[in-house]
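Hi,

Here is the structure I said I would pass on. Have a look at it first, and then read my notes below.

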Amino acid sequence: MKCKEIQDILSLYHQGLLDTDLAEQVARHLSHCESCKEALMQEKRISDGLNDLFGRDEMSSVPEDIAELVLEKSQRELPVKLHRRSPVKLIFRFGAVAATVLLTLWLSFLFRHSPAVEIDMVQDAPVRTVLFSDSPVRTPQIREVQRKATVTRLKENVIWISYKN
Amino acid sequence: MVDTKRLRLGDEDAFREFVGETKRLLMSVSYGILLNTEDASDAVQDAYLRFWRSRERLDSAGYIKAYLVQILKNVCLSMLKKRANTVGMDEIPEQGRRENTSSRLDDKELVSRAMTVLKEKERMIVAMIHYENLDSAEVGEILGLSPSTVRSHYQSARIRMKNYIIRNFPEFVR
C-alpha cells in the first residue's frame with residue numbers, strides 16, 4: 001500500500017475500527033515509514049482532542065434530575081391538553097354563525113327579484129303584440145300591464161315587463 | 001435495557017431508568033451537533049420531553065435508542081436553524097484578537113473548531129465514537145446505518161477535520 005492510502009485510514013487504525021488484516025498491513029508499513037508515523041502522531045493528537053472534547057466532565061453536565069424535570073414539565077402540560085372550551089364561548093360561537101346565516105337569508109329576501117316575464121323578440125315592440133301562450137302566471141291584459149307593471153325596453157324589439165301578481 | 005412495554009404504559013420509574021442509561025449518549029450527540037454545552041443540555045431535555053409525550057407510539061420491535069436519537073437530531077437541527085438567525089456574543093470577533101488566539105489554542109479547542117466543517121451526520125458519528133469508544137456496529141445500530149457506512153463517514157470526517165486544521169493552524173503540523 002502507498003503512503004497516501006495508509007494515511008487516509010490512519011484515523012480508523014488509531015480508533016481500532018479497521019479489520020484485522022488491514023490493521024496488520026498498516027502496522028507493518030508503519031514500522032518502516034517515518035512520514036506515516038508522523039501522520040499517525042497527528043491523528044493521535046486529533047483523536048485525543050476529540051476524546052477530551054467528548055469525554056470531559058462538562059459532558060455530564062446534564063442535570064442529575066433531568067428525568068424529574070421532564071416528568072414535571074409533561075405533567076404541567078396535561079391540563080392544557082385536556083382543557084375544554086367553556087360552554088359560554090361555544091354558545092357565542094354558534095350564535096355568531098346562526099346570526100350570519102339569518103342575516104344572509106334576510107338580505108336575500110329583501111333584494112329578491114320580483115317575478116318578471118321576459119318576452120323574446122317581440123315584433124315591433126309594442127306591448128299589445130305580446131303572447132303568453134302557456135304561461136303559468138296569469139296573463140295580464142295590456143291595460144293592466146301598463147297600469148300595474150313596469151315595462152322596460154331592453155333592445156329595439158325586446159321588452160322586459162315586471163309586474164306583481 | 002429498559003422494557004419498551006413499561007415505557008409505553010407510562011411507567012415513570014422505567015423512564016427514570018431509561019434516562020439514566022441514555023443521557024450521556026444523548027448529551028454527546030447533542031454537543032456534537034451544537035458544540036455548545038448549554039444548548040446541548042436544553043436540546044437533550046427537549047428531546048426527552050418529546051419522547052415521553054409520544055411514548056404511546058413506541059414500537060416494541062424498534063430500537064428505542066435509535067428513535068430517541070432521531071428525535072434529538074430533529075430538535076438540534078431546529079435549534080441550529082433558529083441559531084442561524086442570531087449571533088451569540090462570543091461569536092462576534094474582537095478586533096486584533098484573531099491572530100493571537102490561534103497560537104494559544106489547545107488541541108481540544110482546535111478540534112472543536114474543526115468539527116464545524118462537518119455535516120450533522122458526521123458530527124453525530126464522531127461524537128458517538130469518541131464518547132466511550134462506541135464501535136461502528138453500535139453506532140450503526142443507533143443511526144440505522146451499516147458498520148461500513150459508519151466507518152466511511154468517520155474516515156471522511158476525520159480527513160476533512162485534519163485538512164481544516166492544517167490549512168487554518170499550520171503550526172499544528174510542526
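Let's start with a pair of helices: α4(A) and α7(B) are roughly perpendicular to each other, a label used for angles of 65 to 115 degrees (under 35 degrees is roughly parallel, over 145 roughly antiparallel, and the rest oblique). Their axes cross at roughly 85° and come within 9 Å, with α4 of chain A covering residues 34-55. An axis here is a line fitted to C-alpha atoms, for helices over the stretch in contact, and angles run from 0 to 180 degrees between N-to-C directions. Helices are DSSP runs (H or I, at least four residues), numbered from the N terminus.

Before going on, please keep in mind that this is a predicted model: local features need pLDDT of at least 70, side-chain atom pairs count only at pLDDT 80 or more, and totals for chains, interfaces and linings use all residues. Residues are numbered from 1 along each chain as its sequence is written, chains are lettered from A and ligands numbered from 1 in the order in which they are written, and side-chain values use heavy atoms, with hydrogens and water left out.

Which residues meet where α4(A) packs on α7(B)? From α4(A) come Ser47(A), Leu50(A), Asn51(A) and Phe54(A), and from α7(B) come Val126(B), Ala127(B) and His130(B). Contact means heavy atoms within 4.5 Å. That set has 4 nonpolar, 3 polar and no charged residues. For the classes, Ala, Val, Leu, Ile, Met, Phe, Trp, Tyr, Cys and Pro are nonpolar, Asp, Glu, Lys and Arg are charged, and the others, Gly among them, are polar.

α4(A) also packs on α6(B), at an angle of about 90° and with the axes 8 Å apart. That makes these two helices roughly perpendicular as well. On the α4(A) side the contact includes Arg45(A), Ile46(A) and Gly49(A), and on the α6(B) side it includes Asp107(B), Lys108(B) and Val111(B). By class, this contact has 6 nonpolar, 2 polar and 4 charged residues.

Two of those residues pair up: Arg45(A) and Asp107(B) form a salt bridge, with the closest N and O atoms 2.8 Å apart. The term stands for a side-chain nitrogen of Lys or Arg within 4 Å of a carboxyl oxygen of Asp or Glu. Across the interface of chain B and chain A there are 4 salt bridges, and the count over all chains is 14.

Now for the whole interface. Here 42 residues of chain B are in contact with 36 residues of chain A. About 4,000 Å² is buried between the chains, and carbon and sulfur atoms give 62% of that; buried area is the accessible area (1.4 Å probe) that two parts lose on being put together, summed over both.

One last thing to look up: Leu35(B) sits in the loop between α2 and α3 of chain B. Its phi is near 55°, a positive value in a residue other than glycine.

Cheers
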